[in-house]
Amino acid sequence: MVGLRIALPLAMRRPTRLVQRNMLVYRHSFMVIFSGFFEPLFYLLSMGFGVGALIGDVALGDGRSVPYAVFVAPALLASSAMNGAIYETSNNFFGKLKYAKLYDAIIATPMSLQDVARGEVLWALMRGSLYSIGFLGVVGLLSLVGLGLISSPLAWLAFPSATVVGYAFAGAGMAATTFVRKWRDFDFLQLAIMPMFLFSGTFYPIDAYPAAVQTFVQLTPLYRGVHLIRAFTTGSLDATLLIDLVYLIAMGTVGLAITSRRLGKLLLA
Amino acid sequence: MSETSSASQPQIHARGLTKRFGSFTAVDGIDFDVAPGEAFGFLGPNGAGKTSAMRMIGTVSPVTAGELTIFGLDPARHGARIRSRLGVVPQADTLDNELSVLENLLIYGRYFDLSWAESRRRATELLEFVQLTERANDQVEPLSGGMKRRLVIARALINEPSLLLLDEPTTGLDPQARHLLWDRLYRLKQRGVTLCLTTHYMDEAEQLCDRLVVMDRAKIVAEGSPRELIDRYVTREVLELRFHRPEGETDDSAVLGKKLEGLAERIEQLPDRVLVYATDGEAAAAAAYERGLRPASVLVRRSSLEDVFLRLTGRSLAE
C-alpha cells in the first residue's frame, strides 16, 4: 500500500479524495447504495425468465440461437451500468454543484477542476461496478443451479466492459449536467435514456427495424455497450468490438474534458 | 519573479489589480501589499469590490489586468501551490452538509494531501481551538451561525496556512459570537498567521486590522491604520445632535444648516441626525446651545472609521 502511494502521482491520487468523501457520506446510509442492485435483477427475472419462457430462442448475429434469458442478460447489465452512471452524475452531481456548493469549497484547496471531474466519474464507476459484480454474481449462481445465462469462457470480460459503458455515460452525463439550470431540465435527460433502454437491441435484435433505423440505433451509445457485453457473454466476437470500445472510451473522455471546462466557467468567475 | 521566502517579501502584492465581468468593473486598478504577520483589511460597503479582490487572491477568479502575486507566486500559473499555503473563509458557509463536524475537517485535510492520521490529529486540535469538541460527531446543519463560522475557520486552518483570507467573517452573527470569533482570530495573529479580511463593520476593522484600505466603487480611496485614518480624515470627537421634527413641518435643513454654520470645521447633515466634527465635542455642544439650538438628544463620542468612510464617500457604511 505504501509503495503504491509513493508510485501514484498526485494527478491520480487527488481524484480519489473525492471518492473518499463520497464513501464517508454513504458510510451512514449504505443500504441506499444497494437499491440500484435490484432493478436489473428484477428485469432479468421478469423479462429473461418470465417473458423468455413465451419467446423461446433468439438468433444471434453469428447464426447461433440462444435462450431469451441469455440474450437479454448482457443488455440488462449494460443498461444498469448506464443507469448507475447517469444517476450519480445527474441529480447527485447537480445537487453538489448548484446547491451544496461542495466544489466551491474544494477548489479553495490544491484540488483542481480536473480532480473534481475525475473523482466524481471514478466514484460513479465504483458504484456502478458494485452493481455489475452483484448482477454477474447472480448470473453465476443461476448457472450453478442449471439456469445457464453464459455461453462463453470470456464472459468475465463483461465486467470490465460494463465499467467502460459506465465510463462513457458518467463522462457524458456529467458534461450534460453542467449545462442544466434547474431540476426540471432532467426530464429531458430521461427522454434520451428511456428510449435507449427500450430500443437499443436490449430486448430484441435490431434486425426487426428497417435498415435506416438500424443504422441510427447502431450510432447510439447504449447499443454499443449492449453489443460489447453481449459479445463476451455469448462468445460472439469480431472486429466490431473495437468500434464499441473506441466509441465508448472517446465518449467518456470527451465528456470529462467538457466537464472540466464547464466547471471552470461555473466556479472560477 | 522567483519564489523566495524572505521575511521582507510581501505575502500579497498587487499593482493595478483589475477585475471586470463583461462591461462591469468590480475591482478597478488597486494597489496594495500585505506583509507577513500583518492583519490587513478591506473596509467598504457591499458591492465595493472586496469579495472580487479576495477571490482573485484565493486564485479562484482569474485576474483581468494588473499584477498580483501571492507568496511571490503567480496565481494563474501556481494556483495549487498557492492554495496549499492558504486558508479561505468564504462569505457564504460552504460546509459539507452530508458530513459530520469532524468529518468536514478530516476530508478537508485529505484535499490538502494530509494523511488520515495527520488530518485527524489536526482536526481534533482545531475543534478544541474553536470550541466545538462536544459537537464533533453532530451533523453540520443544526449548528448555529456562529458555530458554523467557527467550523469554517477550523477547516481553513487544517493545512496550517501562513495566510488566512476571511470574507466578511462575522456578518450575520450576534455580538457574543462575534467576540468569540475575534478572540480566535486575534490568537491566530499572535501565532504569526497573516490575516487578510474584508468587512463592512468598522468596529471589526478597528478590532482586528493593523492596516486597512477603504474601498468604494471598485477603488481604494484611503489606506492606513485605523488610528491614522481617523486622525487624517476626521476630528478626534464627534458631536451627534438629533432634532424633533414637528409634525407637518417641511424641510428645515437649510435653516438648521445656517444656525450650525461655523460651529466646527465640518458638519454633516444626515436624515436622522447632524454630525458635528469638533476637536472638543462638549464645547461644540455648548456653542450650539448658545446659538439657540435645542436638540432632542446630544451625544459626544470618539470618532470612528464610520466617520472616515462618510467623509471619504459622502455615504454611510451601514446602508
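In this predicted model, B:Gln269 has B:Val274 as its bridge partner in strand S12 of chain B. That pair belongs to the four bridges that join S11(B) to S12(B), residues 274-278, with the two strands running antiparallel.

**The four-stranded sheet of chain B**

- The order of the strands in this open sheet is S11-S12-S10-S13, and their pairing is antiparallel.
- Because strand S11 (266-269) and strand S13 (297-302) stand at the edges with a single partner strand each, one side of each is left without a neighbour in the sheet.
- From one strand to the next, the twist averages 20 degrees.
- Helix H10 of chain B, residues 281-290, packs on the sheet, where it touches S10 (237-242), S12 and S13, and its direction makes about 35 degrees with that of S10(B).

**Strand S1 of chain B and its partners**

- Strand S1 (residues 12-21) runs antiparallel to strand S2 (residues 24-34), to which it is joined by seven bridges, and B:Phe21 stands opposite B:Phe24.
- In the hairpin of these strands, two residues lie between them, and B:Gly22 takes a positive phi near 65 degrees.
- Five bridges also join S1(B) to strand S4 (residues 65-70), again antiparallel, and B:Arg15 is paired there with B:Glu67.

**The largest nonpolar core**

- Among the 155 residues of this core, A:Ala78, B:Leu165, B:Leu195 and B:Val276 touch the most other members.
- Helix H4 (residues 68-99) of chain A gives the most to the core, with 17 residues.
- Domain 1 (12-225) and domain 2 (235-302) of chain B both give residues to the core, so it lies between them.

Methods
Residues are numbered from 1 along each chain as its sequence is written. Chains are lettered from A and ligands numbered from 1 in the order in which they are written. This is a predicted model: local features need pLDDT of at least 70, side-chain atom pairs count only at pLDDT 80 or more; totals for chains, interfaces and linings use all residues. A nonpolar core is a set of buried Ala, Val, Leu, Ile, Met, Phe, Trp, Tyr and Cys residues joined through C-beta atoms within 7 Å. A residue is buried if 20 or more other C-beta atoms lie within 10 Å of its own, exposed if 12 or fewer, and partly exposed in between; C-beta atoms are placed from the backbone. Domain bounds come from an automatic or database domain assignment. Two strands pair if DSSP finds at least two bridges between them. Axes are lines fitted to C-alpha atoms, for helices over the stretch in contact, and angles run from 0 to 180 degrees between N-to-C directions. Two residues are in contact if their C-beta atoms, placed from the backbone, lie within 7 Å.
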